[in-house]
Amino acid sequence: MRFIPRFFLLLIVTAFNSNLCAQKNFTVSGTIHDGKTGEELIGATVLLRDTTGIGTVTNAYGFYSLTVPIGKKELVIRYVGYDEQLLTLDSSKRQTINISLMPASTSLKAVEITARKNDENIKTAEVSAIKLDIKQLEKIPVLFGEKDILKTIQLLPGVQPASEGSSGFYVRGSSNDQNLVLLDEAPVYNASHLLGFFSTFNNDAIKDATLYKGNMPAEYGGRLASVLDVKMKEGNNKDYVISGGIGLIASRLNIEGPIVRDKGSFIVTGRRTYADLFLKLSKKQELKKSQLYFYDINAKANYQIGQKDRLFVSGYFGQDKLGFQDIFSIVYGNATATLRWNHIFSDKLFSNTSFIYNDFNYTIGIKVADIDVKSLIRDFSLKEDLDYYLNSKNKLKFGFLSTFHTIVPGEVVSSDTSRLNSFRLTKNYGWENAVYAQHEVSLWNQLNINYGIRLSVFSQTGPSEYFKFADNGSIDTLKLKLGQFNTTYVNAEPRLSLSWNFIPGMSFKAAYSRNVQNLHLLSNTTTSFPTDRWVLTTNNVKPEIADQVSAGYFANFYKDMFQVSIEGYFKWLQNQIDYKNGAVLRANETVEDQLLFGLGRTYGAEFFFKKATGKFTGWISYTYSRSERKFPTVNNEKWYNSRYDRTHDLSIVLMYDITPRINVSATWVYYTGIAATFPTGKYIVDGQVVPFYGERNQDRFPSYHRLDIGATFILKKHKNWEHDLNVSVYNVYAQKNAYTIDFKADDDGNTYAEKSYLFRIVPSISYNFKFTVPKIKKKSK
């Protein structure tokens, strides 16, 4: 026992000593849902109305379990934007109570309810975690007027856009592929449409979203930088509802309703752009024959089987099509499917079992050569999560995840008339497993701790070929048969986070976490593209590892109306990937020989000020950060700026309700230009001008800044019909932000920099509606 830290031993003893008093307590459990739609409410609070501080929150499926002392008690149930409910308990026996909360009936009431819930940001032990307000997304102006969750998180501290107008994002100086994006537990490998300008997420289908910036709980793993956990709506189980929107670029339609009222429901959402329809109106033949559009579909259904079981099935399918005449085309997209089974074993033990499928693929058609170039990454997963509510102060969570990966890195399919032969790069297979356990404990009503560990195991599997590279340049090929294993990596990933509420309304938080990543994206461009190549951990490519520590001060003021946080972090990175000069990443069987492996470090401070309630709301976010890398053969083995390094990042978001029907908003962003390597000189070889480059990433693009404004007008409401009009302007003062910089020579041989820009002023308008199908009243006999 001497090897177990005394601190964690004390927590375990405290937990079980608390449980010995169970004979003086009883447990009440159940689910909490929206009384109007039947949707489960995630994170609703259930509190005992006294001074003991006994309480709990609902899990990701709306389930709660609370152990309270015997006797007459009152429970207070609260959720943001909903009317508070009081329940009187007068029993000593276990009870199952399912609770319906109604949305607050007036704007004033909604503000009051929100204020009661806003202290969760200081009480919870979660560090570097942000739960997004989905309703607030509808007010923030974005490019083309399409409400976009991925663009909204870029306005938060520690999160930066990958490029102008892009849905891609970097978190705390890490690359885009180090973010895990989940949609109903299924990983989404390419979370964008139209080369990054739209995200895959239709806001009409989203119920809840939480971003973890490195210090994620033990249940999450597989990426170094962040987890964005997005959950789809279940659908209205009381009324049939049709909603949607019509915009300049895309239109949406959403249909939801009960399968069996109060027992099951469904939701189907669809979205499509129609830029290609305008192309057909062009007088130019080359544009008439071109394609430029995407579409996506979200669907979900659930059904309650008895009192203790519920089944969910959800899926997503999206596809992009881009093509120029009969010369070139690219088709790419994601597909996900999740089958979930919720089971309540007892009033203290809740289970979720998931079968998950996800796929990302692309096809590039080169019609002049009569060939198609294809690639895909596909996963099958089995996941089990168990929540055990030991008592009101202790909660255990444990489970496992098993995923089988398949990657086809490249395949050329030629037609009978093509001069080229078909070929395919070797398929790669990997089996990734993880088990985890974590303990959430509350001590003395001031100290909240969440600690746990995740054990991950990754194995290369056959049938496939793997390579060994010798120093003299020779390559040995290792062939694996079906069922054979090559290299296996085992990594322990400890997690710890705590919050200390030393003064009412204020807390100090700290956290440490280790994360391991076994999937790697190869891209030597400044912006990620759908055709970038995924590779698995192999005998040559080691698992990427990140250790992060963070600490911060969190406070709420004036009845929780104002929220302030200051958080610092430091992250150490191992086995980071860079590329040799002139590296060939695509259509290369031995691409691992083109890679370099080294170290990384990122550190910074994040400042966040938010006004959470009232007619005037918004936030100011500022991040100071550095991101550096070091590789043996790069920059004389000295630390240099990574391409994800942006020293300063400032976002200001303002929203104001002029009247209950008119809302205006504005965002202003500023950040340091991306790190780059520009030529420092030139020389002539055989009459050709060859640029000379200095140290890696010693230069920068110009700083970026932009102002967006928007307004929402809620039109006249009817009993079953509501609609609104949203207008916005992107880049109001037409700032020319450099997207690329090319160095060219004029007629006199002088070198000059030529900047290209994407967007100047972009106005948008969209019309949104919602219609509730009236219930048919039965005629009385």
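What radius of gyration would a compact globule with 781 residues have, and what radius of gyration does the chain have?

**Figure 1. Overview of the predicted chain.** This is a predicted model, in which local features need pLDDT of at least 70 and side-chain atom pairs count only at pLDDT 80 or more, while totals for chains, interfaces and linings use all residues. Residues are numbered from 1 along each chain as its sequence is written, and side-chain values use heavy atoms, with hydrogens and water left out. A compact globule with 781 residues would have a radius of gyration near 28 Å, and the chain agrees with 27 Å; the radius is taken over C-alpha atoms, and the globule rule is 2.2 Å times the number of residues to the power 0.38. Along the principal axes, the C-alpha atoms fill a box of roughly 95 × 70 × 50 Å. The chain contains seven helices and 51 strands, which are DSSP runs numbered from the N terminus (helices: H or I, at least four residues; strands: E, at least two). Of the 781 residues, 53% count as buried (buried is under 20% relative accessible area, exposed over 50%, partly exposed in between, with a 1.4 Å probe and protein chains only).

**Figure 2. The open sheet of five strands.** The strands follow the order β9-β16-β17-β12-β13, and their pairing is mixed. Strands β9 (129–131) and β13 (186–187) stand at the edges with a single partner strand each, so one side of each has no neighbour in the sheet. Two strands count as paired if DSSP finds at least two bridges between them. Within this sheet, β12 (residues 179–183) and β17 (residues 226–232) pair in the parallel sense over five bridges. V181 has L228 as its bridge partner in β17.

**Figure 3. The hairpin of β30 and β31.** Strand β30 (residues 464–469) runs antiparallel to β31 (residues 475–480), and six bridges join them. The bridge partner of Y466 in β31 is L478. Five residues lie between the strands of this hairpin, where G473 takes a positive phi near 95°.

**Figure 4. Strands β37, β38 and β39.** Strand β37 (residues 562–579) pairs with β38 (residues 595–611) in the antiparallel sense over 16 bridges, and W572 stands opposite R601 in β38. Strand β38 is also joined by 13 bridges to β39 (residues 616–630), again running antiparallel. In this second pairing, F607 stands opposite Y622 in β39. The hairpin of β38 and β39 has four residues between the strands, and G614 takes a positive phi near 100°.

**Figure 5. A nonpolar patch on the surface.** The patch is formed by V313, L339, F355, L382, F400, V435, L455 and V490, which together have about 660 Å² of accessible area. Patches consist of residues with over 30% relative accessible area and no salt bridge, with like charges joined within 9 Å and nonpolar side chains (Val, Leu, Ile, Met, Phe, Trp, Tyr) within 5 Å. A salt bridge is a side-chain nitrogen of Lys or Arg within 4 Å of a carboxyl oxygen of Asp or Glu. Accessible areas come from the Shrake-Rupley method with a 1.4 Å probe; for residues, only the protein chains shown count as cover. F355 belongs to strand β24 (residues 349–366) and is partly exposed, with a relative accessible area of 47%.

Figure 6. N635 is found in the loop between β39 and β40 (640–641). Is N635 buried or exposed? N635 is buried, with a relative accessible area of 13%. Leaving aside neighbours within four places in sequence, N635 is in contact (heavy atoms within 4.5 Å) with Y640, E695 and R696.
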